[in-house]
Amino acid sequence: MTEEKQTEQTSTAISEKDAIARSKTDPNAFRPLYEAYFKRILLFVLHRVGDKQLAADITQQVFLNALSNIGKYQLRGLPFSSWLFRIASNQCTDFFRKNTKMRTVVLEESSIKELYEDLTEEQSWSEWERKLPLVLEHLPPEDLQLIELRYFEQRPFKEVSEIMGLTETNTKVRAYRILEKMKKIFLQRK
Amino acid sequence: MKSKKLNVMKTRPDISDAEIQSMMDFDKVLQLHKTARRSRSIMMIIGSGVIIALIVGWAILNRDEKETTTNDTNVIVPDKKEPITEPQSEQEPVQKEEKKVVTKPVEVPKKLEQRETAPVPATPADVYVEAEPVNGYEDLYAYFEKELKYPSDVANAVEGDVAVTFVLNRNGKPEQIKFINSLGPEFDTEVIRVINNMPEWKPATQNGKPVPAKISQSFTFSIKK
């Protein structure tokens with residue numbers, strides 16, 4: 001990392017911290033945070049709902065919730081981005097609980113390769129590709145969320161734990177158990 | 001799994017930066033936030049109002065209850081649900097009037113002390129006046145002291161109290177004498193004699209009309225040394 005990049009990151013962190021602090025008393029100060037994170041949150045939601053307009057509406061709701069609860073956000077706690085992703089995740093869960101719309105999962109070849117290696121290399125790749133959606137359908141929403149964050153979106157365990165509100169160790173243990181469960185389902189499926 | 005739960009996409013949905021830009025509308029978020037905050041404030045005001053109203057209502061009710069209790073202690077309401085059922089002359093509801101008078105030695109009558117503290121009726125609508133001796137309690141106690149004699153024909157000399165209740169009828173005459181504590185037939189006879197010959201009483205009245213009143217009294221028999 002060059003010195004110039006490091007300076008840029010530090011100044012971004014300071015301005016984010018400052019914007020969060022000011023937003024607690026002045027909602028207008030939230031604008032730079034909205035502009036900085038809108039795209040990431042929109043894509044996060046879009047990959048789960050699969051519809052652009054719906055994703056835009058949910059994203060607006062995510063930022064409205066964030067602004068309403070900014071007073072509860074602790075600067076020393078989890079990163080602001082993880083806090084926003086957690087709100088977005090809860091908003092999506094809430095949406096699917098209240099609506100009959102089908103949950104979307106993006107399974108790109110590059111992103112499912114790691115899971116293939118971790119789960120079963122005994123099966124052929126084509127078999128794996130065919131069975132994976134069926135196996136995922138057997139998972140409860142929370143387990144699917146964990147696998148999606150860790151493998152399909154390739155986030156580090158630390159961030160996954162922050163978004164899901166778990167400890168990092170617990171996230172790893174749960175991920176292991178879910179993979180074991182998936183392996184069993186995988187072998188049972190024809 | 002028969003029913004399909006997931007919509008699987010092989011590639012990420014394509015969305016351009018221009019599209020994302022067009023979806024951004026912070027002013028709308030701000031406006032919704034202000035509306036939500038205003039609604040919350042209104043709800044809080046309404047909630048606070050309801051709580052205050054409940055507290056005030058409770059306080060008023062509490063005060064009314066206290067006033068009612070105070071009034072209850074001031075007005076002596078005759079207990080008409082307790083008629084005397086002894087198979088004697090008048091089967092009428094009577095007033096309970098607790099009296100404890102010691103005849104020997106003569107002391108300041110407890111009844112007098114009780115009367116001084118007796119509450120005054122608060123409303124003229126239901127005024128009860130207790131029965132009292134025409135010549136006053138001092139005269140009555142002097143009579144008891146003078147008239148009550150230790151029976152001469154008692155086999156075993158005993159000392160103690162004879163407690164009785166009797167009813168003063170509407171004419172102020174004693175009747176329905178009942179012994180609560182007896183020392184023997186000789187003592188009972190003496191007490192009956194003293195009660196039947198006692199000075200005249202003014203009957204109890206309720207709203208100016210004479211009503212029967214129940215009196216409790218005790219007589220102390222002691223051997224003079």
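Two strands count as paired if DSSP finds at least two bridges between them. Strands themselves are DSSP runs (E, at least two residues), while helices are runs of H or I with at least four, and both are numbered from the N terminus.

A quick note before the views: this is a predicted model, where local features need pLDDT of at least 70 and side-chain atom pairs count only at pLDDT 80 or more, while totals for chains, interfaces and linings use all residues. Residues are numbered from 1 along each chain as its sequence is written, chains are lettered from A and ligands numbered from 1 in the order in which they are written, and side-chain values use heavy atoms, with hydrogens and water left out.

**View 1. A three-strand sheet in chain B.**
Here you're looking at an open sheet with the strand order β3-β8-β9 and antiparallel pairing. Its edges are β3 (128-129) and β9 (209-211), each of which pairs on one side only. Strand β8 (residues 204-206) of chain B is joined to β9(B) by three bridges.

**View 2. Where chain B meets chain A.**
On this interface, 28 residues of chain B are in contact (heavy atoms within 4.5 Å) with 35 residues of chain A. Together the chains bury about 3200 Å², with 64% of it on carbon and sulfur atoms; buried area is the accessible area (1.4 Å probe) that two parts lose on being put together, summed over both. Also found across the interface are 13 residue pairs in polar contact, both at pLDDT 80 or more. A polar contact is a pair of N or O atoms within 3.5 Å; within protein, one must be able to donate a hydrogen and the other to accept it, and residues adjacent in sequence count only if both atoms are side-chain atoms. On chain B's side, β1 (6-9), α1 (17-23) and α2 (26-74) each supply at least two residues, and α2(B) gives the most, with eight.

**View 3. Strands pairing between the chains.**
Strand β1 (residues 103-106) of chain A runs parallel to β1(B), and four bridges link the two.

**View 4. Salt bridges across the interface.**
Side chains of opposite charge can pair when their charged atoms come close. The rule used here asks for a side-chain nitrogen of Lys or Arg within 4 Å of a carboxyl oxygen of Asp or Glu, and it finds four such salt bridges between chain B and chain A. Among them, B:Glu19 joins A:Lys52, with the closest N and O atoms 3.3 Å apart. Another links A:Arg31 and B:Asp27 at 2.8 Å, going from helix α2 (residues 31-49) of chain A to helix α2 of chain B. Are these two residues buried, exposed or in between? A:Arg31 is partly exposed at 30% relative accessible area, and B:Asp27 is partly exposed at 46%; buried means under 20%, exposed over 50%, and partly exposed in between (1.4 Å probe, protein chains only).

**View 5. A salt bridge inside chain A.**
A:Glu148 and A:Arg48 form a salt bridge, their closest N and O atoms being 3.4 Å apart. A:Glu148 sits in helix α7 (residues 141-152) and A:Arg48 in helix α2 of chain A, so the pair ties together parts that are 100 residues apart in sequence. A:Glu148 is buried, at 3% relative accessibility, and A:Arg48 is buried too, at 1%.
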